[in-house]
Number of protein chains: 2
Amino acid sequence: MKTIIAADIGGTGIRVAVYPFSGSTEPLAQKRIPTRGEGTAVERLVGLIRELWPAGHEVAGISAGFPGPVNPYEGIIYTAPNIADWKNLPLGQILSDTFHVPAMVGNDANMACLGEWKFGAAQGHRDVIYITISTGIGTGVISNNQLLLGAKGLATEMGHTVVNPEGPLCGCGHPGHIESYSSGTGITSFVKSQLAAGRESSLRGISRLSAKEIAEAAVTGDSLAKEAFEIAGTYLGIGISNFLHIFNPSIIVLGGGVSQTGSLILDPMRRSLKERVVSEEYIKDLVITPAQLQDNCGLLGCLAWAQINFKE
Amino acid sequence: MKTIIAADIGGTGIRVAVYPFSGSTEPLAQKRIPTRGEGTAVERLVGLIRELWPAGHEVAGISAGFPGPVNPYEGIIYTAPNIADWKNLPLGQILSDTFHVPAMVGNDANMACLGEWKFGAAQGHRDVIYITISTGIGTGVISNNQLLLGAKGLATEMGHTVVNPEGPLCGCGHPGHIESYSSGTGITSFVKSQLAAGRESSLRGISRLSAKEIAEAAVTGDSLAKEAFEIAGTYLGIGISNFLHIFNPSIIVLGGGVSQTGSLILDPMRRSLKERVVSEEYIKDLVITPAQLQDNCGLLGCLAWAQINFKE
């Protein structure tokens, strides 16, 4: 049986799984290790792939997903927000030189988008937008059954599009991005700034405030918490209306912890979306749905990408 | 010789040209007639195609471009801003039933984008954004050598993306679109509102004010006119930074009368773009260039689209 090795590389954990090339999404083997520990992150990744290398099965290639800017054509990681020393790292080359099989490296949101499209919520759709909302906002797009990558693989950084030029600062240092309003970080920053300005809230005094605590407070009626999600949802709707006018998809898949707060963020999002679209045609048959693959999204996305690009 | 019939349908004029299927962009015949006159617009179009139908040459198909929302998969025009009675008009079906050859209908900005990519400024680029700035703003995108259309063909309406949720009203009735800031209409509206508020300017008293007169006044130093272009360029740069983060193109082609005002709009656009991109990678090798095909852009785009979709 021909196999594919998928690797989901994060700032805290590295997961590797061995899949049959096709016919099943059940891994033959898989394992997770912490990203930090003995040896460099590259050595740890290589060691884990070696440990799981399938005896007696041919490997068609290695497909890796990574949470940061990647040139997928050359397998080069531009920078790593959470892994020191990964700058212009030719990871694809390192893996293919080490294991003598083709190797590809892609952005994790793109991989998740591919996973949901091939195996999850967006199966059968030709035009898909995937948005994951957690501490940051990651996006991926399938247009006419193709993953959108751009000239250098830097496309679909839609969390970093401006929805208000005078808006709050994003983690990237620029003002008014969707991420600065609608991500967990954006929601938390808004609440913190209001608390600092003296506003009353049940959230005052909580030491490690995150979108989770704010969502809980909103459910119990805290007006600051409710307003934070109202703003996040409204700007998310503005952003999504822009994406609809740009891509005219038939489905939007929402992943990530913040989108799981449900109506708290989705109700204002839908209101704002309906208000902003220039034609009913954009939303008439549009499906907006939660992601299905959960934790395995990244690995399954790498599998999907490998199936498209490697030879069985 | 196999031939293609291209039709560029506008609110004021209909142009039809007969091209060899490949090998040359010189038309074998072409003619322009007013859109309004004896008979309906459809009858006038059909009559003109019949008049130019090439004797002794096989016609591979008819490819038509139209300035409004179109479903290119079904050849249906949703609405026509400038032609009465064109609502959900199955123009593709009408043309193929009449002439017994395949017929396609596409949005004119998409056709212009295809034209510049195949025969004009963007030849050889895999990822292209075309933006035409005149009374409105039209856009088209080539991603990985494919025209981006979306589920219903309504993609790349990028003039109608929000850059400021509280911004001025767009012609479409929604606030804060790029078109409401950076189109000829947007520039003129800003100047008119400032004049109405009592601001001094050499433009006061001009009866039929347009971006052309405002550009002339800006060149002679009129401060209101200069500010109008400064604002238009700044928001255009914000919009283009969004498109770069979304598409990561290698080239942006600028067409339309307003973009021909040159540094007046392009200098503030470039400043704002540089300020807004989250990584130098997006602009390092990016080409920003004027459109090349001028008046023939629409017809040549229809030719390009036909070459891709019809059989030689």
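## A five-stranded sheet in chain A

Five strands of chain A form an open sheet with mixed pairing, in the order β11-β10-β9-β12-β13. Strands here are DSSP runs of E of at least two residues, and helices are runs of H or I of at least four residues, both numbered from the N terminus. Two strands count as paired if DSSP finds at least two bridges between them. The edges belong to β11 (146-147) and β13 (287-290) of chain A. Each has a single partner strand, so one side of each is left without a neighbour in the sheet.

Look next at β9 (residues 128-133) and β10 (residues 137-143) of chain A. They pair in the antiparallel sense over six bridges. Which residue is the bridge partner of A:Ile133? It is A:Ile137, in β10(A). Strands of a sheet pair through backbone hydrogen bonds, either parallel or antiparallel.

## Basis of the model

This is a predicted model, in which local features need pLDDT of at least 70 and side-chain atom pairs count only at pLDDT 80 or more, while totals for chains, interfaces and linings use all residues. Residues are numbered from 1 along each chain as its sequence is written, chains are lettered from A and ligands numbered from 1 in the order in which they are written, and side-chain values use heavy atoms, with hydrogens and water left out.

## A three-stranded sheet in chain B

Chain B has an open sheet of three strands, β5-β6-β7, with antiparallel pairing. Its edge strands are β5 (70-71) and β7 (87-89), and each pairs on one side only. Two bridges link β5(B) to β6 (residues 76-79) of chain B. B:Asn71 stands opposite B:Ile76 in β6(B).

## Where the chains meet

How many residues of chain B are in contact with chain A? There are 45, and they touch 45 residues of chain A. Contact means heavy atoms within 4.5 Å. The area buried between the chains is about 3,600 Å², and carbon and sulfur atoms give 52% of it. Buried area is the accessible area (1.4 Å probe) that two parts lose on being put together, summed over both. In chain B, B:Lys152, B:Ile246 and B:Arg276 lose the most area to chain A, together 17% of what that side buries.

The rule also finds 40 residue pairs in polar contact across this interface, both residues at pLDDT 80 or more. A polar contact is a pair of N or O atoms within 3.5 Å; within protein, one must be able to donate a hydrogen and the other to accept it, and residues adjacent in sequence count only if both atoms are side-chain atoms. On the side of chain B that touches chain A, α7(B) gives the largest share, six residues.

## Salt bridges and symmetry

Four salt bridges join chain B and chain A. A salt bridge is a side-chain nitrogen of Lys or Arg within 4 Å of a carboxyl oxygen of Asp or Glu. B:Lys152 forms one with A:Asp285, the closest N and O atoms being 2.9 Å apart. A:Lys152 and B:Asp285 form another, also at 2.9 Å, N to O. A:Lys152 lies in the loop between β11 and α4 (178-182) of chain A, and B:Asp285 in the loop between α9 and β13 (287-290) of chain B, so the pair joins two chains.

A rotation of 180 degrees with 0.0 Å of shift along its axis superposes chain B on chain A (RMSD 0.0 Å). The two copies are thus related as by a two-fold rotation axis. The superposition uses least squares on the C-alpha atoms of residues with pLDDT of at least 70 in both copies. Of the interface residues of chain B, 100% are also interface residues in chain A, so the copies meet through the same surface.
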